[in-house]
Amino acid sequence: LEDYSDKLDDEAKDFLKRISASANRMKNMIGDLLTLSRFSKMESSFESIVPETIIKSALKRIEPIISEKNVQIKIADDLPIIYGDKVKLVEVFYNLISNAIKYNNREKPIIEIDQPMPQPAKDEVVIYVKDNGIGIEEQYYEEIFKIFKRLHTREEYGGGTGVGLPIVRKIMDDHNGRVWLESKVEQGTTFYLAFPKKVIGNL
């Protein structure tokens, strides 16, 4: 396409564009599968974590898209201490925040990271990631956690391989935790992350 575009007719250019797009999708899928495999095999190193630290690490990975799309990120300053693996939990917040940005057609996307008050259960600590994006129909609440499950065509919302949320669930399972969501179409989605309080010791 770069070297011979001026020597090709429109049909040939179209074929090459399709090949290029397919190669990029394959590269992204392989990359995501390798990530899923890596986190599945990785030993966990648990410690007490201030959530703001891992959230900021996740945000650094997507600073350009946050700036490009003028995304407003609101992080509560009183998030509860959690007990877990820093590397894995950065990946959890990275995937949830990335999706909140990707599946949002607002002029001003807003993402809120906070905790429900009061906490819904005595034996869990819950943090949520809330957006004002396109939302998800209830019938797909569990489907989206299945590998390669995508609710939109490859051309919509920047594509995606359908591996991000399975990674989130796998990591939360490794923490003996839970992840679930509430959503309203065209109003937004809230993902909840629940960590067992009993493993936090005296915190």
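Visitor: Why is Glu 91 called buried?

Guide: This is a predicted model, in which local features need pLDDT of at least 70, side-chain atom pairs count only at pLDDT 80 or more, and totals for chains, interfaces and linings use all residues. Residues are numbered from 1 along each chain as its sequence is written, and side-chain values use heavy atoms, with hydrogens and water left out. Buried means under 20% relative accessible area, exposed over 50%, and partly exposed in between (1.4 Å probe, protein chains only). Glu 91 has a relative accessible area of 6%, so Glu 91 is buried.

Visitor: What makes Arg 61 and Glu 91 a salt bridge?

Guide: A salt bridge is a side-chain nitrogen of Lys or Arg within 4 Å of a carboxyl oxygen of Asp or Glu. The closest N and O atoms of Arg 61 and Glu 91 are 3.0 Å apart, and the two form a salt bridge. Arg 61 lies in the loop between helix H2 and helix H3, Glu 91 in helix H4, 30 residues apart. Helices are DSSP runs (H or I, at least four residues) and strands likewise (E, at least two), numbered from the N terminus.

Visitor: Why does Arg 61 count as partly exposed?

Guide: Arg 61 has 44% relative accessibility, and therefore counts as partly exposed.

Visitor: How far apart are the closest N and O atoms of Arg 178 and Glu 124?

Guide: They are 2.8 Å apart, and this pair forms a salt bridge. Arg 178 is in strand E6 and Glu 124 in strand E5. At 14% relative accessibility, Glu 124 counts as buried, whereas Arg 178, at 42%, counts as partly exposed.
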